[in-house]
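Hi everyone, thanks for coming. Let me put the structure up on the screen, and then we can walk through a few parts of it together.

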Amino acid sequence: MGGVDVGSGEGKRSVNSDVNMIPFIDLLMVTISFLLITAVWVTHSRLEATAQVPGATTGEVRPDDVPKDLHVFVTDQEFVLTWKQAATVISETHLPREGGAAIDDLGATVAKEWKTHGSHQHPSDKKRDRCIIHTDNRLPFREMVAVMDAVQVAKREINFDGAKERVAAFDTALASR
């Protein structure tokens with residue numbers, strides 16, 4: 001058995017004073033294992049991030065580099081379609097929200113607005129414009145889906161290896177107000 005002799009006493013009888021090292025070694029091994037496993041978990045959960053972004057290295061931002069986005073604000077009374085480029089409002093259209101026909105009107109208006117202000121319209125351009133739908137958290141789910149479907153009415157043609165295909169003009173994102 002592993003132990004350490006800590007010396008003998010000066011009396012007549014020798015005293016067994018071995019210290020058992022096995023529990024100490026076990027505790028040491030468990031502690032080292034815990035530290036190694038924790039170090040591996042920490043390095044795997046780390047997200048590498050840098051401040052380098054793609055684009056011009058001169059520090060100048062050209063207006064063409066900032067994408068235009070369509071923001072659809074859904075209120076109780078109306079739909080507000082706003083084209084923005086960064087913080088600049090390019091165009092704003094108000095559409096009253098009356099009955100079921102308002103959703104059909106919204107789809108037609110979104111398609112017309114995309115033809116006027118959309119950035120990615122050429123068939124060789126595979127990117128889509130972005131539409132951000134702003135709704136109240138209390139908006140019923142069926143109405144939110146109807147608004148999302150109305151945004152997808154705007155279609156465009158894209159060339160995929162010589163074959164033309166009609167796809168939605170917008171990638172849709174949701175935001176709450």
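In this predicted model, 5 strands form an open sheet with mixed pairing, in the order 5-4-3-6-9. Strands here are DSSP runs of E with at least two residues, helices are runs of H or I with at least four, and both are numbered from the N terminus; two strands pair if DSSP finds at least two bridges between them. At the edges stand strand 5 and strand 9 (170-176), each with a single partner strand, so one side of each has no neighbour in the sheet. On average, neighbouring strands are turned by 20° against each other, direction ignored.

Let's look at one pair. Strand 6 (residues 129-135) and strand 9 run parallel, joined by 7 bridges, and Ile132 is opposite Ala173 in strand 9.

Now for the loop between strand 4 (78-85) and strand 5 (88-96), where we find Ala86. Most residues other than glycine have a negative phi. Ala86 is not a glycine, yet its phi is positive, about 60°. Ala86 is also exposed, at 58% relative accessible area; exposed means over 50%, buried under 20% and partly exposed in between, with a 1.4 Å probe and protein chains only.

Over in helix 2 (residues 101-117) sits Ala108, which is partly exposed at 48%. Its C-alpha atom is 7.9 Å from that of Ala150, 42 residues apart along the chain.

A note on the numbers: residues count from 1 along each chain as its sequence is written. Local features need pLDDT of at least 70, side-chain atom pairs count only at pLDDT 80 or more, totals for chains, interfaces and linings use all residues, and side-chain values use heavy atoms, leaving out hydrogens and water.

Terms used:
Axes fitted to C-alpha atoms, helices over the stretch in contact; angles between N-to-C directions.
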